[in-house]
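Subject: Handing over the two-chain model

Hello,

I am passing this structure on to you, and below it you will find my notes on what turned up. Please read them with the structure open beside you.

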Amino acid sequence: MVKGREGERIRLYTRGTVLGYKRSKSNQYPNTSLVQIEGVNTKEEVAWYAGKKMAYIYKAKVKKNGSHYRCIWGKVTRPHGNTGIVRAKFKSNLPPKSMGARVRVFMYPSNI
Amino acid sequence: MAPQQRKPHVCRNPDLIRGVGKYSRSKMYHKRGLWAIKAKNGGAFPKHEKKVADAAPAVKPPKFYPADDVKKPLVNKRKARPTKLRASITPGTVLIILAGRFKGKRVVFLKQLTSGLLLVTGPFKINGVPLRRVNQSYVIATSTKVDISGVDAQKFDDKYFGKKVEKKKTKSEGEFFEAEKEEKNTLPQDKKDDQKSVDAALIKSIESVPDLKSYLGARFSLKAGMKPHELVF
């Protein structure tokens, strides 16, 4: 990443919240997480986001690759229910501390 | 009879039910006219001599028979093609780059290269994006078009953007450390000239449209309340 110009802050992602893992009443399946994307309220609106990449970004004490920030990549797989919640699969399962935490939903791979 | 018009031939022996024809063997012999062909040929059915097949060259029995039959790989008729270009992307379209060093920049599309990547330019003077390749999936096509007729993008292809192969010569210790640093950072002058020549024609057509220059200079960002799935680009 070029650090020369630290000028405009540009957001090219939509904010999302991790709600938890896919689950039934007493069993949870951590390989799929449920994510609430800001501004998306119906199953039909989710169709635009299908396949879009997401990143869960967190901080750690030890520097890796020159940064304290680390990331788990994933993507939107399918809608979950009728009200705009989304199922997502990540490269490695999200840690339980991510519940309630922010996730970035990017606009790529784009189809527009 | 007209030479090329033939009535589609009706079946000589229609089925009464499946497997049973209307006419008997002897009746069919008569209908087919085999008696006439025989009569024309003097009482016997015309024969022609068998062609003598060339004697196959003597092959020695092979020394080695493999234990199991060797499987042949399946025929593969796929052709390598560049990625299908979205209908919304035509030469001269303004694209928004979504990721990478130039994310958010609005950029002009020139052409699709044979690898499938899109050739794109800022223009450099306007927003700092040089001639560059970009993947179609990391780009949003807007409905804004720029007139690209004055631009000649023929000479650019994937090889132009490939990494330069450096000749390995110096191996002696003293020179080793010095030589490495020399050629890495400067852009060759001919690439700079290419950029200028492509941009010259583009900038003219951009300046003829009001506000287009500042539009291309500004970056795209999502703001509060903007929902990408509702935006029309």
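Since the notes speak of strands and helices throughout, let me begin with those words: helices (H or I, at least four residues) and strands (E, at least two) are DSSP runs, numbered from the N terminus. Two strands are said to pair if DSSP finds at least two bridges between them.

As for where the values come from, this is a predicted model, in which local features need pLDDT of at least 70 and side-chain atom pairs count only at pLDDT 80 or more, while totals for chains, interfaces and linings use all residues. Residues are numbered from 1 along each chain as its sequence is written, chains are lettered from A and ligands numbered from 1 in the order in which they are written, and side-chain values use heavy atoms, with hydrogens and water left out.

Chain A

Chain A has one helix and six strands, and along the sequence these follow the pattern β-β-α-β-β-β-β. Its C-alpha atoms fill a box of roughly 45 × 35 × 20 Å, taken along the principal axes. The six strands close into a barrel with antiparallel pairing, in the order S1-S2-S5-S4-S3-S6. From one strand to the next the twist averages 45°, where axes are lines fitted to C-alpha atoms (for helices over the stretch in contact) and angles run from 0 to 180 degrees between N-to-C directions.

Asn65(A) is a residue other than glycine, and in general most residues other than glycine have a negative phi. S4(A) is also joined, by six bridges, to the antiparallel strand S5 (residues 85–90) of chain A, with Gly74(A) opposite Phe90(A) in S5(A). The hairpin of S4(A) and S5(A) has four residues between the strands, and in this hairpin Gly81(A) takes a positive phi near 80°. On the other pairing of S3, two bridges join strand S3 (residues 53–64) of chain A to strand S6 (residues 102–106) of chain A, and Met54(A) stands opposite Val105(A) in S6(A).

In the segment after S6 of chain A we find Pro109(A), and the peptide bond from Tyr108(A) to Pro109(A) is cis, with omega near -5°.

A search of the whole structure finds four salt bridges over all chains, a salt bridge being a side-chain nitrogen of Lys or Arg within 4 Å of a carboxyl oxygen of Asp or Glu. One of them brings together the side chains of Glu38(A) and Arg15(A) (3.1 Å, N to O). Glu38(A) lies in the loop between strand S2 (28–37) and helix H1 (43–46) of chain A, and Arg15(A) in strand S1 (residues 13–23) of chain A, so the pair ties together parts that are 23 residues apart in sequence.

Chain B

In chain B, five strands form an open antiparallel sheet in the order S6-S5-S4-S3-S7. Strand S6 (132–134) and strand S7 (139–145) of chain B stand at the edges with a single partner strand each, so one side of each is left without a neighbour in the sheet. Strand S3 (residues 93–97) and strand S4 (residues 106–112) of chain B pair over three antiparallel bridges, and Ile96(B) has Arg106(B) in S4(B) as its bridge partner. Helix H5 (residues 189–207) of chain B lies across S4 and strand S5 (118–121) of chain B, running at about 75° to S5(B).

Chain B has a cis peptide bond as well, from Gly122(B) to Pro123(B), with omega near 0°; Pro123(B) lies in the loop between S5 and helix H3 (124–127) of chain B.

Where the chains meet

Counting heavy atoms within 4.5 Å as a contact, 24 residues of chain B are in contact with 20 residues of chain A. The two chains bury about 1900 Å² between them, 62% of it on carbon and sulfur atoms; buried area is the accessible area (1.4 Å probe) that two parts lose on being put together, summed over both. Between chain B and chain A the count of salt bridges is zero.

Best wishes
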